[in-house]
Amino acid sequence: MATPWARWLRRGVAAAVALSVLGLAAWGARAWHGSRLPSTYNVMELGVADYGGAAVVPVAHGAGHSRAGEKQMVSVADLTGPRAEPDFRTTLTARRTRVRLPSGKAIDVWAFNGRIPGPELRVRQGDLVEITLVNADIAQGVSIHWHGVDVPNAEDGVAGVTQDAVLPGQRRVYRFRVHQAGTFWYHSHQASSTQVKRGLYGAFVSLPRGLEPGTLDLAIVAHSFSGARTLGAHDGVDRRAVGPGTPVRLRVINSDSFSRRFVLAGTPFRVVAIDGTELHEPTALRGQTLELAGGGRYDLAFTMPRSTVQLHLLGAKASLALSQDGRGALPAGEPGPEFDPLRYGSPAPTPVDASSHFDRTFMLHIGKRFGFLDGRFGRHWSVNGKLLPNLPTQIVSRGDLVKMTFVNDTDEDHPMHLHGHHMLVLSRDGAPATGSPWWSDTLNVEPGERYEVAFRADNPGLWMNHCHNLEHAADGLVLHLAYDNVMTPFRVGAAAHNHPE
Ligand code: C2O
Ligand code: CU
């Protein structure tokens with residue numbers, strides 16, 4: 001028989017357990033509730049401002065006049081490209097369609113102008129381009145982002161941040177001057193994790209003024225559909241006849257959400273550009289495996305030999321084969337040592353380097369932790385230990401020199417894509433970059449890696465800075481780089497029909 005003491009003790013323990021269960025439930029309900037995203041929201045309202053160590057500058061929020069020392073607020077919608085007569089003009093219509101691949105296999109896709117990839121846009125450096133987006137029948141709405149082209153903010157194509165999604169029957173005109181020469185691509189930035197995968201993407205090439213005449217210049221986009229892996233429009237070997245001695249440039253674009261590996265067999269070659277920026281004094285490579293980040297681009301150059309050259313996409317049947325007569329035996333593509341841009345080519349002066357005085361420094365520590373994300377409990381992507389909607393927003397002033405450090409504390413790759421700017425890689429895991437200046441807009445940060453990058457904040461706006469594994473982005477791995485005097489009138493969320501991820 002229990003003593004009164006033991007009975008009291010039992011009751012006390014039971015009460016304590018009940019209280020902590022209640023407390024835990026109340027904490028859980030609060031955390032759950034606090035994680036719910038509103039039905040529409042302004043991305044500026046979510047997130048926690050990170051000033052990168054700089055002082056906060058006062059900004060006038062009311063329209064009209066600002067007091068001395070205050071900056072005037074600017075709307076994203078006013079940061080447009082020039083409105084003059086364009087040098088290049090085209091229309092891209094988004095529509096559901098069925099395409100038949102060369103193997104005979106048919107796939108249901110969402111495509112621009114009925115093609116996979118969408119039409120290749122080839123412009124000249126300096127052109128003012130005007131592209132009209134028409135949505136025929138994509139019920140969720142669409143938009144177009146010019147991945148890697150540093151356009152004025154209003155032309156950036158992010159639904160809910162720089163524009164409203166274009167709904168069926170609607171159209172939207174993009175107009176911007178292309179200052180860069182290089183390899184870029186375009187894709188929908190509405191529900192991008194679904195829409196890019198389904199086919200709303202294409203190559204965007206800006207040709208330099210002084211082009212080597214007679215060059216065979218091909219843009220090749222690697223993509224995975226459910227059930228088919230393609231290089232350009234091909235799911236098998238794409239054979240072409242090329243005369244020996246022809247200069248060849250292959251612009252390899254990875255439109256997938258994950259890294260893809262390529263081998264160029266049958267010739268020495270150089271990697272002449274990364275993410276739309278030429279490399280300085282790239283040296284000849286042979287047999288190296290090229291691992292390309294999701295969203296990234298490598299330009300490869302070589303002189304056509306007498307024998308066959310083949311670009312293999314590892315893990316896929318799709319390849320590109322160049323030979324004198326468009327036939328003949330194919331060289332095997334064995335994976336070799338991995339190409340590393342950190343030590344490739346030779347140094348050249350850059351407008352910013354590791355010894356620069358930085359106005360802002362930001363740390364982006366990517367992790368995974370348990371918690372609620374929009375009401376769902378689980379292990380979610382975190383930045384600096386926080387989940388959406390409490391992720392840091394990096395605030396800058398126009399003209400700032402910015403240093404950013406990316407740390408990947410997870411076991412998956414994160415191809416980090418900063419809109420509107422190119423980042424100069426300073427170091428990886430503490431080892432300084434010693435090769436050609438390496439400017440990236442889509443930097444693959446692998447598990448355990450730490451990259452330091454730098455850029456000049458010279459393109460005012462509200463810019464996404466996100467993981468280009470678009471499923472990761474849809475699962476919350478999205479940040480924003482915000483200029484301190486820029487606001488957006490657009491809203492994300494179901495009620496606004498805007499879902500950038
Ligand atoms: Cu290619 Cu924010 O995307
Ligand atoms: Cu990621």
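The following exercises, each with a worked solution, concern a predicted model.

Residues are numbered from 1 along each chain as its sequence is written, while chains are lettered from A and ligands numbered from 1 in the order in which they are written. In this predicted model, local features need pLDDT of at least 70, side-chain atom pairs count only at pLDDT 80 or more, and totals for chains, interfaces and linings use all residues; side-chain values use heavy atoms, with hydrogens and water left out.

**Exercise 1. Describe the surroundings of serine 382.**

Step 1. Locate the residue: serine 382 belongs to strand 25, residues 376–383. Helices (H or I, at least four residues) and strands (E, at least two) are DSSP runs, numbered from the N terminus.

Step 2. Classify its accessibility. Serine 382 counts as buried because its relative accessibility is 4%; buried means under 20% relative accessible area, exposed over 50%, and partly exposed in between (1.4 Å probe, protein chains only).

Step 3. List its contacts (heavy atoms within 4.5 Å). Apart from neighbours within four places in sequence, serine 382 touches His365, Ile366, Gly367, Lys368, Arg369 and Leu387.

Step 4. Compare sequence with space: glycine 371 is 11 residues from serine 382 in sequence, and their C-alpha atoms are 9.7 Å apart.

**Exercise 2. Characterise the interface of domain 1 and domain 3.**

Step 1. Identify the domains, whose bounds come from an automatic or database domain assignment. Domain 1 comprises 43–72 + 349–496, domain 2 comprises 79–211, and domain 3 comprises 213–339.

Step 2. The centres of domain 1 and domain 3, taken over C-alpha atoms, are separated by 32 Å. In domain 1, 16 residues are in contact with 15 residues of domain 3. The buried area is about 1,100 Å², with 42% given by carbon and sulfur atoms; this is the accessible area (1.4 Å probe) that two parts lose on being put together, summed over both. Of the area that domain 1 buries against domain 3, Ser436, Trp439 and Thr442 supply 33%, more than any other three residues.

Step 3. The interface has one salt bridge, defined as a side-chain nitrogen of Lys or Arg within 4 Å of a carboxyl oxygen of Asp or Glu. Strand 31 (439–440), strand 32 (442–445) and helix 3 (470–474) are the elements giving two or more residues to the side of domain 1 that touches domain 3.

**Exercise 3. Determine which parts of the chain are tied together by the pair of aspartate 484 and lysine 71.**

Step 1. Find the pair. The whole structure holds 24 salt bridges; aspartate 484 and lysine 71 form a salt bridge at 3.1 Å, N to O.

Step 2. Aspartate 484 lies in the loop between strand 35 (478–483) and strand 36 (486–487) and lysine 71 in strand 3 (residues 71–72), so the pair ties together parts that are 413 residues apart in sequence.

Step 3. Compare accessibility: aspartate 484 is buried at 13% relative accessible area, whereas lysine 71 is partly exposed at 25%.

**Exercise 4. Examine the salt bridge of aspartate 400 and arginine 360.**

Step 1. State the distance: the closest N and O atoms of aspartate 400 and arginine 360 are 2.6 Å apart.

Step 2. Aspartate 400 lies in the loop between strand 26 (392–396) and strand 27 (401–408) and arginine 360 in strand 24 (residues 360–373), so the pair ties together parts that are 40 residues apart in sequence.

Step 3. Classify them: both aspartate 400 and arginine 360 are buried.
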